[in-house]
Amino acid sequence: MVVTDADGRRMPFPDDGFDVVFLVDVVGEIPDKPAFFGECARVLKPGGVLAVTEQISDPDFHLPSSVRTLAAAAGLMEDGLEGLPWWTYTARFRK
């Protein structure tokens, strides 16, 4: 396992390097959400998946609609949602 400390607005990873980017309860903590989602799209391989899990217990909970807007602006396509949109869910977006 490798841990990397980096700025989410410019990740130190190559283009098209990851099959999956998985976020859990972090969208609310990201100051520049459009830049971060753009970076997630950049580092995903074609066909790769961004999975975003949000839970109502997080004080910075984001509804699926706001996550969907960020992902779409980054050029990612909606690929499904599991769970309850107003409680706990995982939304998937494909490059």
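A residue is called buried under 20% relative accessible area, exposed over 50%, and partly exposed in between (1.4 Å probe, protein chains only). By that scale, P64, V67, L70 and A71 of helix 2 are buried. The model is predicted, so local features need pLDDT of at least 70 and side-chain atom pairs count only at pLDDT 80 or more, while totals for chains, interfaces and linings use all residues. Residues are numbered from 1 along each chain as its sequence is written, and side-chain values use heavy atoms, with hydrogens and water left out.

**Helix 2 and its surroundings**
- Helices (H or I, at least four residues) and strands (E, at least two) are DSSP runs, numbered from the N terminus.
- The buried residues of helix 2 fall within an arc of 125 degrees seen down the helix axis, so they line one face; the arc is that of the directions from the axis to the C-beta atoms.
- T69 and A73 are exposed on the face of helix 2 turned away from the buried side.
- Cover for the buried residues includes helix 1 (33–43), strand 2, strand 3 and strand 4, where contact means heavy atoms within 4.5 Å.
- G75 follows helix 2 and has a positive phi, near 85 degrees.

**Strands 3 and 4**
- Strand 3 (residues 77–84) and strand 4 (residues 88–94) run antiparallel and are joined by 6 bridges; two strands pair if DSSP finds at least two bridges between them.
- The two strands form a hairpin with 3 residues between them.
- E82 stands opposite T90 in strand 4.
- E82 also meets R92 in a salt bridge (3.7 Å, N to O), linking strand 3 to strand 4 across 10 residues.
- R92 is partly exposed, at 25% relative accessible area.

**Other salt bridges**
- The whole structure holds 9 salt bridges, each a side-chain nitrogen of Lys or Arg within 4 Å of a carboxyl oxygen of Asp or Glu.
- D16 and K95 form one of them, with the closest N and O atoms 2.7 Å apart.
- This pair links the segment before strand 1 (18–24) to the segment after strand 4, 79 residues apart.
- D16 counts as partly exposed because its relative accessible area is 37%, and K95 counts as partly exposed at 32%.
- Within helix 1, E39 and R42 lie 3 residues apart, about one turn, and their side chains form a salt bridge (2.8 Å, N to O).
- E39 is buried at 7% relative accessibility, and R42 is buried at 16%.
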